[in-house]
Amino acid sequence: MQFGIFTVGDVTPDPTTGHTPSERERIKAMVAIAEKAEEVGLDVFATGEHHNPPFVPSSPTTMLGWIAARTERIILSTSTTLITTNDPVKIAEDFAMLQHLADGRVDVMLGRGNTGPVYPWFGKDIRDGISLAVENYALLRRLWREDVVDWEGRFRTPLQSFTSTPRPLDDVPPFVWHGSIRSPEIAEQAAYYGDGFFHNNIFWPKDHTERMIELYRTRYAHYGHGTPEQAIVGLGGQVFMRRNSQDAVREFRPYFDNAPVYGHGPSLEEFTAQTPLTVGTPEQVIEKTLSFRDYAGDYQRQLFLVDHAGLPLKTVLEQIDLLGEEVVPVLRREFAKDRPADVPDAPDHASLLAASRATAEAGSVQA
Amino acid sequence: MEAITLAVVSAGLSQPSSTRLLADRLGEAVRDRLVEAGREVRIEHVELRELAHPIADNLVTGFPGEALRQAIDTVTGADALVAVSPIFSASYSGLFKSFFDVLEQGALTGKPALLGATGGTARHSLALDHALRPLFAYLRAAVVPTAVYAASEDWASAERNGLRRHIDRAADELAAVLLRQPARTRRPDAFAEVVPFEQQLVALKLP
């Protein structure tokens with residue numbers, strides 16, 4: 001099972017000091033967070049994509065390329081890459097390039113985005129959101145799998161004799177996750193292709209997450225990719241930890257109360273009861289995270305949000321230390337218990353390459 | 001036959017409230033007619049005052065807490081809706097609007113509904129037709145022709161030609177609709193009825 005960090009990349013004033021980091025500070029902080037994640041043994045770093053202040057990460061593959069050069073092992077991903085408003089040709093090119101630079105340590109999570117004006121800013125209509133996700137991904141898959149593509153669709157200029165370069169590393173496209181919080185159509189899309197499905201459950205009650213994942217698992221099996229239990233599921237999580245539970249609550253409360261997404265709404269106590277947010281000791285985080293399996297089944301990827309709402313970098317790095325040293329080792333051990341042997345790990349470049357070679361050999365034997 | 005469920009939503013703020021009083025009168029009048037016609041009726045009250053905080057939280061977080069979710073399920077699952085708001089500043093109250101704002105799109109489509117409003121004087125009675133009715137038209141509820149406004153003075157009106165007559169007429173209309181269409185207006189379940197992906201592709205006419 002993979003554990004990692006996902007970041008939104010918000011520039012938010014620290015409510016306890018009033019300090020607002022510069023864009024440069026925030027971008028460098030995101031890099032430091034990724035490096036720390038690798039240092040403490042986490043498996044994945046994923047960045048969001050945004051095209052409006054107060055967010056900085058408009059150019060994820062630029063950032064991930066830089067991080068790739070400064071790390072050895074960690075998988076670089078996104079949370080999410082906008083399949084609606086980005087040109088699928090550019091996504092194909094950017095992520096193939098990143099694959100080569102990062103020696104295959106790359107996957108991608110596609111999403112539709114939740115900022116209305118981004119659609120018109122990029123010449124699209126938000127009412128086409130689902131259709132854009134379906135058509136653009138259909139093209140993206142072909143660009144990664146076929147050397148020469150002729151294409152005509154509703155949303156972009158037709159292509160004749162187009163080759164996306166560079167070709168994917170070893171002719172193995174990056175593994176794709178589809179992220180959606182509310183849309184059954186996207187769970188259906190992920191199931192149809194046998195791709196991964198990531199439910200960012202961090203602001204949602206568990207029964208909603210449960211329904212989305214159950215739908216994806218059922219349809220994954222329907223399309224013949226395996227049993228429902230073998231579908232590739234990812235979940236979010238949001239944590240703030242101190243050795244003493246009360247210290248964690250006291251320190252995090254001002255950040256919670258003023259957080260951009262949910263601040264000035266429910267109390268910290270209500271929100272922790274209703275959503276995956278855990279504010280307390282590493283043991284409490286372990287307990288809560290293990291409970292995700294009760295309604296999501298055995299899953300493949302767990303990403304934690306630790307760096308939003310104006311938390312200073314030093315505090316965030318302490319959180320990642322706690323995750324790496326105390327939380328994730330226990331989670332690895334506990335999640336492995338009673339996990340059926342036929343539940344796969346999340347595909348990575350090595351496993352996809354091995355599978356593609358096995359298929360090719362089987363084909364040549366038959367021939 | 002299954003019992004007919006009637007969700008009665010009241011946005012009154014004072015306790016006791018004349019808005020709740022009108023809501024109760026409307027609900028009971030509808031129930032009496034249905035019972036007379038041999039149907040069993042279950043009235044489920046949704047008092048928005050008790051949900052003021054959860055509704056505000058939902059506006060901020062995007063999802064309903066447990067108590068609000070139960071209220072939403074009550075309203076969307078009912079066979080018919082009676083919705084009554086006090087008139088504030090020439091329109092429905094903010095709390096009333098906020099509750100209907102946090103429903104999922106399409107949640108009230110086709111739902112038989114009876115509208116009511118209360119105010120200090122009769123001067124704002126047209127808010128029913130200029131504010132509440134367009135809101136429920138947008139929500140695609142099937143609103144009956146008579147809506148009932150109760151000003152303070154109406155609570156002392158003579159039985160034969162005052163508030164009582166309006167309540168009776170409105171209740172006749174909603175009861176008639178429910179007796180004609182006993183079938184429940186259940187929302188389709190997006191999870192149970194997922195559009196197969198091939199259909200999504202075909203809709204785009206991709207090669």
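**Close-up views of chains A and B**

**View 1. Where chain A meets chain B.** The contact (heavy atoms within 4.5 Å) draws on 36 residues of chain A and 22 residues of chain B. Please keep in mind that this is a predicted model, in which local features need pLDDT of at least 70 and side-chain atom pairs count only at pLDDT 80 or more, while totals for chains, interfaces and linings use all residues. Residues are numbered from 1 along each chain as its sequence is written, chains are lettered from A and ligands numbered from 1 in the order in which they are written, and side-chain values use heavy atoms, leaving out hydrogens and water.

**View 2. Area buried between chain A and chain B.** Together the two chains bury about 2300 Å² (accessible area, 1.4 Å probe, lost on being put together and summed over both), with 66% of it on carbon and sulfur atoms. Have a look at A:V134, A:Y192 and A:R211: they supply 20% of the area that chain A buries against chain B, more than any other three residues.

**View 3. Salt bridges across the interface.** The rule (a side-chain nitrogen of Lys or Arg within 4 Å of a carboxyl oxygen of Asp or Glu) finds 2 salt bridges between chain A and chain B. One of them pairs A:R182 with B:E104, whose closest N and O atoms are 2.9 Å apart.

**View 4. Residues between helix 3 and helix 5 of chain A.** From helix 3 of chain A come A:P88, A:V89, A:I91, A:A92, A:F95 and A:A96, which meet A:N136, A:L139, A:L140, A:L143 and A:W144 of helix 5 of chain A. Helices here are DSSP runs (H or I, at least four residues), numbered from the N terminus.

How values were computed. Helix = DSSP H or I, 4+ residues; strand = E, 2+ residues; numbered from the N terminus.
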